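Subject: Structure handover

Hello,

Here is the structure I promised to pass on. Please open it alongside this note. My findings follow below.

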Amino acid sequence: MSTTDKLIELSERRSAHNYHPLPVVISQADGAWVTDVDGRRYLDCLAGYSSLNFGHGNEKILAAARAQLDRLTLTSRAFYHDQFADFCAGLADLTGKDMVLPMNTGAEAVETAIKVARKWGYQVKGVAPDQANIIVMEDNFHGRTTTIVSFSTDPVAHDHFGPYTPGFRIVKYGTAEAIRDAIDENTVAVLLEPIQGEAGVLIPPDGYLTQVRELCTENNVLFIADEIQSGLGRTGKTFAVEHEGVVPDMYIMGKALGGGVIPVSAVAANSDVLGVIKPGTHGSTFGGNPLACAVGRAVVDILGTGEFQERAARLGEVLHAGLLGLVGQGVVTVRTRGLWAGVDIDPSIATGREVCEALLKRGVLAKDTHGSTIRLAPPIVVAEEDLAFAVAQLADALKELSAR
Ligand SMILES: *Cc1c(COP(=O)(O)O)cnc(C)c1O
């Protein structure tokens, strides 16, 4: 039995089957490339679901982490530490907001946004006790906690985990009328992904985010943008909402905020919103820890130069052009924004999973979303010729699968 097979067998036997990984066991990585236990190299076109926007082993991020590891890693929030102030101020400045609240995982930051919106609703907007509602979208993905799966429309994520948290109204994504119809005097927030990642990199129609912004302002409702996957350079901007020049009331960030090293998440908002949080009302033992803040500071510095945003925009055009060449040759539709692509495969040829397995054999790591859609999101450090390689392998995989 090969090392790969042994490690996969043991993983499957001794861990819960909450994932269905592709059959590759990775042991090393550098930039946009990973190496498996048998020494085979693969181009990483998933980048940890956009957690690795700045590349595997990014020197600036690793240097910050290494230096911090030797000095101070954890204090809890019972005390201040010397990395906290600059991380919070830097991230707040990056978002243009007054303040941030750091947590660890994306789901925790979404939970934070929900709590803040509800408390703001009761204390600032004047909603009657326990009557607040939050408008969310069909096909959303915001994480895996019991409250968050309560408003998931994906049966696999949602079913059998009830009783469910009330207070959410699910409407169609991409049409502002649906939100207008759902808003009432108890609505405290609209929570959405500016681009729906897990749903297949679904980009809403032009003008949608602007209309959502207007509706929220007119009705004194908070606009909360979950930028956990779409944010921090991926789409060619710091935040995906910038493509429409829209400013939400609250940003939710995660994934790439931890530089691919450690979970770091946060919400950012102005003090009239985040000010409702008082000592004891919310927190996390690890949220805002010194190591996380040191890594987060490096990420904020990197984003401050605009270099990665510019690179994602430029390489995104290259990827888009390459993928468009496959339309009609196994590919039905291509959606890209920056270096982020949703590719709908002709379902009569193959499932997304089959395409990803065929890509794996050809040295490309990618992940299917739903049905016959695959998502491509390589680290932004990826070389232009690597993108050509990925497109060529996809063409070859589709040719083989069509011939079955
Ligand atoms: C990944 C993701 C989350 C959840 O983040 P975790 O760190 O996995 O908890 C929430 N929202 C969006 C849009 C995501 O992509």
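Let me start with a helix pair. Helix 12 and helix 14 (residues 384-402) pack at an angle of about 25°, and their axes are 10 Å apart. Helix 12 is therefore roughly parallel to helix 14. The crossing of these two helices is right-handed. On the helix 12 side, the contact uses R314, L315, V318, L319, G322 and L323. They meet E384, L387, V391 and L394 of helix 14. By type, the residues of this contact divide into 7 nonpolar, 1 polar and 2 charged. Bear in mind that this is a predicted model.

Four strands form an open sheet, in the order 11-12-15-14, with antiparallel pairing. Which strands sit at the edges? They are strand 11 (331-336) and strand 14 (367-368), each of which pairs on one side only. Strand 14 is joined to strand 15 (residues 373-376) by 2 bridges, and the two run antiparallel. D368 has its bridge partner in strand 15, namely I374.

Two helices pack here. Helix 12 (residues 307-324) lies across strand 11, strand 12 (341-345) and strand 15. Helix 12 runs at about 170° to strand 11. Helix 13 (residues 352-361) also packs on the sheet. Helix 13 touches strand 12, strand 14 and strand 15. The direction of helix 13 makes about 45° with that of strand 15.

Helix 3 (residues 59-71) and helix 11 (residues 290-304) have axes that come within 9 Å. Those axes cross at roughly 155°. Angles over 145 degrees count as roughly antiparallel, so helix 3 and helix 11 fall in that class. Their crossing is right-handed. Helix 3 contributes K60, I61, A64, A65, Q68 and L69 to the contact. Helix 11 contributes P290, L291, A294, V295, A298, V299, D301 and I302. The residues of this contact divide into 11 nonpolar, 1 polar and 2 charged.

Finally, some backbone points to check.

- The peptide bond from G162 to P163 is cis, with omega near 0°. P163 is found in the loop between helix 7 (155-158) and strand 6 (168-171).
- Y49 is not a glycine, yet its phi is positive, near 50°. Y49 is found in helix 2 (residues 47-50). Is Y49 buried, exposed or partly exposed? With a relative accessible area of 22%, Y49 is partly exposed.
- L232 is not a glycine either, and has a positive phi of about 60°. L232 lies in the loop between strand 8 (222-226) and strand 9 (250-253). At 1% relative accessibility, L232 counts as buried; the cut-off for that is under 20%.

Regards

Methods
Residues are numbered from 1 along each chain as its sequence is written. This is a predicted model: local features need pLDDT of at least 70, side-chain atom pairs count only at pLDDT 80 or more; totals for chains, interfaces and linings use all residues. Side-chain values use heavy atoms; hydrogens and water are left out. Axes are lines fitted to C-alpha atoms, for helices over the stretch in contact, and angles run from 0 to 180 degrees between N-to-C directions. Angles under 35 degrees count as roughly parallel, over 145 as roughly antiparallel, 65 to 115 as roughly perpendicular and the rest as oblique. A crossing is left-handed if the near helix is turned anticlockwise from the far one by less than a right angle, and right-handed if clockwise. Contact means heavy atoms within 4.5 Å. Ala, Val, Leu, Ile, Met, Phe, Trp, Tyr, Cys and Pro count as nonpolar, Asp, Glu, Lys and Arg as charged, and the others, Gly among them, as polar. Two strands pair if DSSP finds at least two bridges between them. Buried means under 20% relative accessible area, exposed over 50%, partly exposed in between (1.4 Å probe, protein chains only).
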